[in-house]
Amino acid sequence: MPSNTSPRVVDQGLRDEVYISLVRSLYADARTLIVGSSGTVLAAILSALLTSHPAFYACAVILLCVALIRAADVAQFKSAGHWMRDRGDASRWERRYTVFASVYVFVLGIWCFLTFAIPASPPVQLLAFSMTLANLIGVAGRNYGSRILVATQLTCAGVPLLAGLMLAGNAHYAVVACVLGPFLLSFKSIADKLRATLTTAIVSAKRERLLAARLEAALDNMAHGLCMFERDGRLSLVNRRLPAIVGLPAGLAEPGRGIGRFLVRSQRSGLIGRAQLRSLVLAARLALRDHSEARLTTRLANGRVLDLTFRTSGVTGTVVVIEDVTEQRLQEDKIRQLAHYDPLTGLPNRSLLKTHLQTLMAEGDQSLAILFIDLDHFKKVNDTLGHPSGDALLIEVARRLSALLGAASLIARLGGDEFVVVIPDLVDRQALEQITTRVSASLTQPYEIDGNAVVSSASIGIAISPDDGRDADIVIRNADLALYAAKSSGRGCARFYDRSMIEAARTRRIVELDLREALASDQFEMFYQPIVAIGSGRITSCEALLRWRHPEKGMIAPGDFIGIAEEVGLITQIGRVVLGKACREAMLWPASVSVAVNISAIHFHGDVIVNDVAQALARSGLSASRLVIELTESALMHDDAQALSTLTRLRDLGVQIALDDFGTGYSSLSYLQSFPLQKIKIDRSFVSGGRETQKDQTLLVGIARLCKELGLTVVAEGVETSEQLDGLTRMGAIDEVQGYLLARPQATPLVRDLIRAFAANSLTQAVKRTPSRRIAP
C-alpha cells in the first residue's frame, strides 16, 4: 500500500532525526569530558599556587564548580537512557550543554588571559596556554554536533586567549596570536566536517535514490566525458557529455557493447585512425589486466586532442574519463612559443639563444661566430614616428637578417633594438668580415615604414668561439664589449673582440666604483672661471667647473669621467652636487655676480632637473635670477616638445638660461626662436680657433648682431690674447667675454679675490694686474 506521506514531511522527519543524533553525540563520551576537566582544574589550581594571586584562585574554584555541574548534567543524561522524544527535547539538552560548556571555556579563557595580562611567570603562561589550546582542540573533537556550541566555545576561549597574547607586550606573543587566530578558525571547519560526516552516515541509507539521481545529474553535467565498462569489458554507463566531446555517432555508445567492438566501430566511422585504435586498445587491455591506471593522449580525425584516463578495479570495472584538452594544448604551445621566441619578430629570444650556443659548444671545438647587432639611434624612430613605427622597423630588420643569412645561422632578438646572429662552422675571419659587410650594407638600406622613409645603420660587435670563450655567456659578453667599442668608434661600423676591451670594461667599472665613492665621501671640488662685461670691466658671472680630487690619482678633469658617469647613470647625482655647491658659493659673492652651471643632456632630459634646481636655490638661499643654467645643443635636439616644457618650467622659477657652444650645431638658429633663452655663448672656435678670413669674421659679427637684435646677452668664449679682446670690443655686439686672458678657472677662495680685483679696476687694468698666484691649474 503506497504511503500518503508527502516528501516535505519525510524531509522534516529526516532533519529532526539528524538533529537528535547530533545532540546525542555531545553526551556520547563522558570519560573524555571528566578526564579533560580534571586535568584543567588541576592545572588551574597549580597556577594559583605558583602565583598566589586571588584571580587565579577564583578561576580554579569556578572551573571546579562548572566541571562538577557538567559531570552531573552528563550523569543525568545517562540516567534518562538517552531518550529524546522529539526535536524539542533535543533542543533543551543542547541548550543545557551549551550553557555549561560555554561558561567553562570562558573561565578557562579568562584564566589564560590573566596569565599574560598580569603577567605571570613563563611556566604559568605555558601551562594556561597549553590547557586552553587543548580544550579548544577538544571543542572540534567532542562538540562538533552543535554548530552554535562550537562557535560559542571558540569565541569565549579564543578571544581572551588572543587578547592576552596581544596585550602581553611581547613581540613573539603577538606573532603567536597572529598565527593562532587562523588556527582557531580551522577548528570550526574541522567540527563542520565531522558534523557533516555524521550527518552523511545517518542519511545515507535513506537517500540512496536521491544520491543516485544526483550522481546521474552530476555525471551528465560534468565538464568531462565519462564511460564505464564492466569487468567483462562491456559498456555499462555513458554520460551525456561524452558524445558531445568525442563526436560519437548515434547509437554507438549503447550499454552492453564490448569495449573492443566499441573502439573498432569508432575507427570505422572515421572518428579515430588506425594508430589511435591500436593505442586505445592497448591502454584498455593494460588497465583491465593490471587493475591499474593508464593515461593516454590521442588526436581525433577532426583535430581535437583528448586526454583519456583508464581506472580499473576488480569490483567496479573500468572507468574512462575523457577530457578535451585541445584549447589547453594550444595555450601550452603558445606559452612555449613565448618562452623561447620574441613575440614581436618571431625570432628566438635570449633563452633559446643560450640553449643553442650551449648545444653547439658541447659538440666539440668547432668554430662559431657571434654578431651582436645594435641599431644606431633607434630611439629617434620611436620618439619621432612613434613606437608602432619602431616595432615595424624591428620586424623589417629581422626579415632582412633572415633573408640574408638563411636557415644555417641562428638569429635572435635579445630585446629593444639588439639582435644576435650565430654563425656555425666558421671558415675563416675573411669570410666573416664579408658576411658582416653584407649585414651592415643590408641594414643601411632605407626602410619604408608607414609611408615614411627611415634610414638607419647598425653597430656590430663580433666574437669568435672558442678563441673568445668556450662558454655561451662569456662569448655573448665579449661580443657585447666589441659592440660597445663599435659604438664608441662612431657607430655604423663593426669591431672584433680583443682582450683590451675587457680591460677597458674593467677600467670603466673601477671608475664607476670610484665615482660612487666620490659621491659618498664628497671628493668633488668646484673651480670658477669669470665672465667679464666688456663695457664695465667687472665680473658679472662665473662659470662653475667640476674637478674630482681622487685620493690616489689626484685631480681628475671632467673629460676623464663625465662620459662614464653618463653611461652608468651617475651624472644626475653629480649634477645635483654641482648645483648645490655652486649656489652655496655664489651666496658669498656680490649680489651683482651670478653663477653659471652646465647641465648634462641626460640630467636635463630627466624628470627631476626642475626640482633639483629649485631645491638647490631653496637650500642655499640664492636668488633664482643669480643662477644661469647652461645647456648645449645636444641637450635640446632630441625632443623639442619636452625640451621646451622643461625650459619653460625653469624660466618660471626665475633662473636664466644660456645656450653654450653656440654656432657648432646644424639647427642652432632655430633655437633662438623656439626656446626661452636669455644668453648665448658663442663657441670658442669663432674667437680662438684660427679663423682669420674675412668671411669668418663676418659670420661672427652676424651671429652676434642677430642675437643682440633678439634681445639676448652675447658672450664670447676662448679669449686668449689682447688682440682678440680688442677685436671683440670694437665689434660692438659682444656683451661679455670669457677666456684665459681674463682668468683661468679659480678655486673657491681665490675667485672671491678675483671678483674684487675686477671691481676695482677697468677691464684692461684688471687683466694686467691679475696676480699670477691666482692662476689655478
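Me: Two strands pair if DSSP finds at least two bridges between them. In this predicted model, how do you know that strand S11 and S12 are joined?

Reply: Three bridges join strand S11 (residues 458-465) to S12, and because at least two bridges are required for pairing, these strands count as a pair. They run parallel, and Gly-461 stands opposite Arg-495 in S12.

Me: Which sheet holds these strands, and what is its strand order?

Reply: The order S7-S8-S6-S11-S12 describes an open sheet of five strands with mixed pairing. Strand S7 (410-415) and strand S12 (494-496) are its edges, each having a single partner strand, so one side of each lacks a neighbour in the sheet. From one strand to the next, the twist averages 20 degrees.

Me: Which helices lie across strands of this sheet, and at what angles do they run?

Reply: Helix H13 (residues 350-362) lies across strand S6 (368-375), S7, strand S8 (418-423) and S11, and it runs at about 140 degrees to S7. Helix H17 (residues 472-488) lies across S6, S11 and S12, running at about 145 degrees to S11.

Me: What makes S2 and S3 edge strands in the other sheet?

Reply: That open sheet also has five strands, in the order S2-S1-S5-S4-S3, and its pairing is antiparallel. Strand S2 (235-238) and strand S3 (293-299) each have a single partner strand, so on one side each is left without a neighbour in the sheet, and this puts them at the edges. Direction ignored, neighbouring strands here are turned by 20 degrees against each other on average.

Me: How do you know that strand S4 and strand S5 pair, and which helix lies across both?

Reply: Eight bridges join strand S4 (residues 305-313) to strand S5 (residues 317-324), and because the requirement is at least two, S4 and S5 count as paired. They run antiparallel, with Arg-311 opposite Val-319 in S5. Helix H12 (residues 326-340) lies across S3, S4 and S5 and runs at about 120 degrees to S4.

Me: Why are H4 and H6 called roughly parallel?

Reply: The axes of helix H4 (residues 87-117) and helix H6 (residues 147-167) cross at roughly 5 degrees and come within 8 Å. Because angles under 35 degrees count as roughly parallel, H4 is roughly parallel to H6. Residues making the contact include Tyr-97, Val-105 and Phe-116 of H4 and Leu-149, Pro-160 and Leu-167 of H6. By class, the contact of H4 with H6 has 16 nonpolar, six polar and no charged residues.

Me: Why are H14 and H15 called oblique to each other?

Reply: Helix H14 (residues 378-385) and helix H15 (residues 387-405) pack at an angle of about 140 degrees, their axes being 6 Å apart. Roughly antiparallel would require an angle over 145 degrees, and roughly perpendicular one of 65 to 115; H14 and H15 are therefore oblique to each other. Among the residues in contact are Phe-378 and Leu-385 of H14, together with His-387 and Leu-394 of H15. The contact of H14 with H15 divides into five nonpolar, four polar and no charged residues.

Methods. Residues numbered from 1 in each chain as written. Predicted model: local features only at pLDDT ≥ 70, side-chain atom pairs only at ≥ 80, totals over all residues. Heavy atoms only, no water. Helix = DSSP H or I, 4+ residues; strand = E, 2+ residues; numbered from the N terminus. Axes fitted to C-alpha atoms, helices over the stretch in contact; angles between N-to-C directions. Contact = heavy atoms within 4.5 Å. Nonpolar A, V, L, I, M, F, W, Y, C, P; charged D, E, K, R; others polar.
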